[in-house]
Amino acid sequence: MAQTLELSRQQARRIAVRAQLLDEPRPEDLLELVRRLTLLQHDPISAIAPSADLVLWSRLGEDYEPGGWVDALERGRLVELRGMLRPAEDMALYLAEMAEWPGDGPEHVQTQARWVEANRAGREAVIEALRADGPLPQSELPDRCELPWRSSGWNNNKNLTMLLGFLVDAGDVAVAGGTGRDRLWDLAERIYPDVEPLPVPEARRRRDERRLASLGIARASAPRTPAEPNDVGPLGVEAVVEGVRGRWRVDPAYLEGSFEGRVALLSPFDRLVYDRRRALEIFEFDYQLEMYKPAAKRRWGYYALPILVGDRLLGKLDAKADLAAGELRVFAVHEDEPFDARTREAVEAEIASLADWLELELRRER
């Protein structure tokens, strides 16, 4: 029987930081970086910069040019799937599952599939329009759904929006570029690379392996989040973390080697903090994205960036890129605990680096 590892919180934090390539030395190649991270969240919100750009800059540094991932997407080296930018070759891990959709999915997925089948004419109309004229924005696609999509949320009656999402799950259509209302759609066969699909059980296991390698430490099971799980099943080695309840799975590749930390400003969607519960348990870091809260109820700001210092998450940067004024406006640096002089100097240098990278003047609001 394998022995359960006993880790301190510091050891757990360093495993997580190293896995996310936020230590020294920095990576240098964009595509190899995305392969190691497995994904970038393609979120269009850019209060400072789009999340994908912030994630890449925080790893690659000032030599990374904003929007550098767009070229890789247009060349087919990255693809968008379920709101995430992924290495194109990783489609081998999803195609078989798409072909079987809804497969053995939970009841809500079966409900989705029944709704699509009830709107077969709508499905065929979208596919035919794309076959003839794709890629096309959603505004130029026909909505022939006879049975409306019903929900208690903001997707109620958004028939075409929901249909396109389910056709992605079924492997019929794919995102061909753009974001938000300007997102383009096309037949999946024109977008995804010609790769041999792995059988579903093998593909799921391989996805879990790659997720554990990118997170370093994770739960065997965890609450589900949109688009991408946070758990890894029984892979890796079992561990307990001092002061934290429950058991973890650790990639043994990170149990050896030295750690050299640095300061980094992170996207709110960065995988180091995306699982808010893990961030609280391992890093003791309390964080929420507050852009959907009324201004008066925000603690840290509309789009506050978590501040990593070595192996600790120590604060949040409340800032905004004012492109019209050519300024990066800094409203506050929230210190979860008082910074010492060395930390404050390093954080201020990273904020200045952020402004330089964005080619904006740094302006501090008092």
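Contact here means heavy atoms within 4.5 Å. The model described is a predicted one.

**Val79 and strand β3**

Val79 lies in strand β3 and is buried, with a relative accessible area of 2%. Leaving aside residues up to four places away in sequence, Val79 touches Leu73, Met84, Leu85, Arg86, Pro87, Ala88, Met91, Ile191, Tyr192 and Pro193. Asp90 is 11 residues from Val79 in sequence, and the C-alpha atoms of the two are 9.0 Å apart in space.

**Arg59 and helix α3**

Arg59 belongs to helix α3, which covers residues 51–60. The relative accessible area of Arg59 is 0%; because buried means under 20%, Arg59 counts as buried. Its side chain makes a polar contact of 2.4 Å with the side chain of Asp270. Asp270 is also among the residues that Arg59 touches, together with Gln20, Leu21, Leu22, Arg26, Pro27, Leu33, Leu37 and Arg262, when residues up to four places away in sequence are not counted.

The two residues described so far are set out below.

| Residue | Element | Relative accessible area |
|---|---|---|
| Arg59 | helix α3 | 0% |
| Val79 | strand β3 | 2% |

Helix α7 has 14 residues, 120–133. At 1.5 Å a residue it should span 20 Å, and its end C-alpha atoms are 20 Å apart, which agrees. The buried residues in α7 are Gly122, Ala125, Val126, Ile127, Ala129 and Leu130. Their cover includes strands β5 (136–137), β6 (173–177) and β7 (184–187), as well as helices α8 (159–169) and α9 (188–191).

Helix α8 is largely enclosed by the rest of the structure, because 9 of its 11 residues are buried. These are Asn159, Leu160, Met162, Leu163, Leu164, Phe166, Leu167, Val168 and Asp169. The buried residues of α8 pack against α7, and also against β3 (78–81), α5 (95–100), α6 (107–118), β6 and β7. Strand β3, one of these partners, is the strand that holds Val79. Just after α8, Gly171 takes a positive phi of about 80°.

Strand β14 (residues 327–335) and strand β15 (residues 361–364) run parallel and are joined by 4 bridges. Across this pairing, Leu328 stands opposite Leu362 in β15. Together with helix α13 (residues 341–358), β14 and β15 make a right-handed β-α-β unit. In a regular strand, side chains alternate between the two faces of the sheet.

Terms used
Residues are numbered from 1 along each chain as its sequence is written. This is a predicted model: local features need pLDDT of at least 70, side-chain atom pairs count only at pLDDT 80 or more; totals for chains, interfaces and linings use all residues. Side-chain values use heavy atoms; hydrogens and water are left out. Buried means under 20% relative accessible area, exposed over 50%, partly exposed in between (1.4 Å probe, protein chains only). A polar contact is a pair of N or O atoms within 3.5 Å; within protein, one must be able to donate a hydrogen and the other to accept it, and residues adjacent in sequence count only if both atoms are side-chain atoms. The expected span of a helix is 1.5 Å times one less than its number of residues. Two strands pair if DSSP finds at least two bridges between them. A crossover is right-handed if, with the strands pointing away from the viewer, the path from the first strand over the helix to the second runs clockwise.
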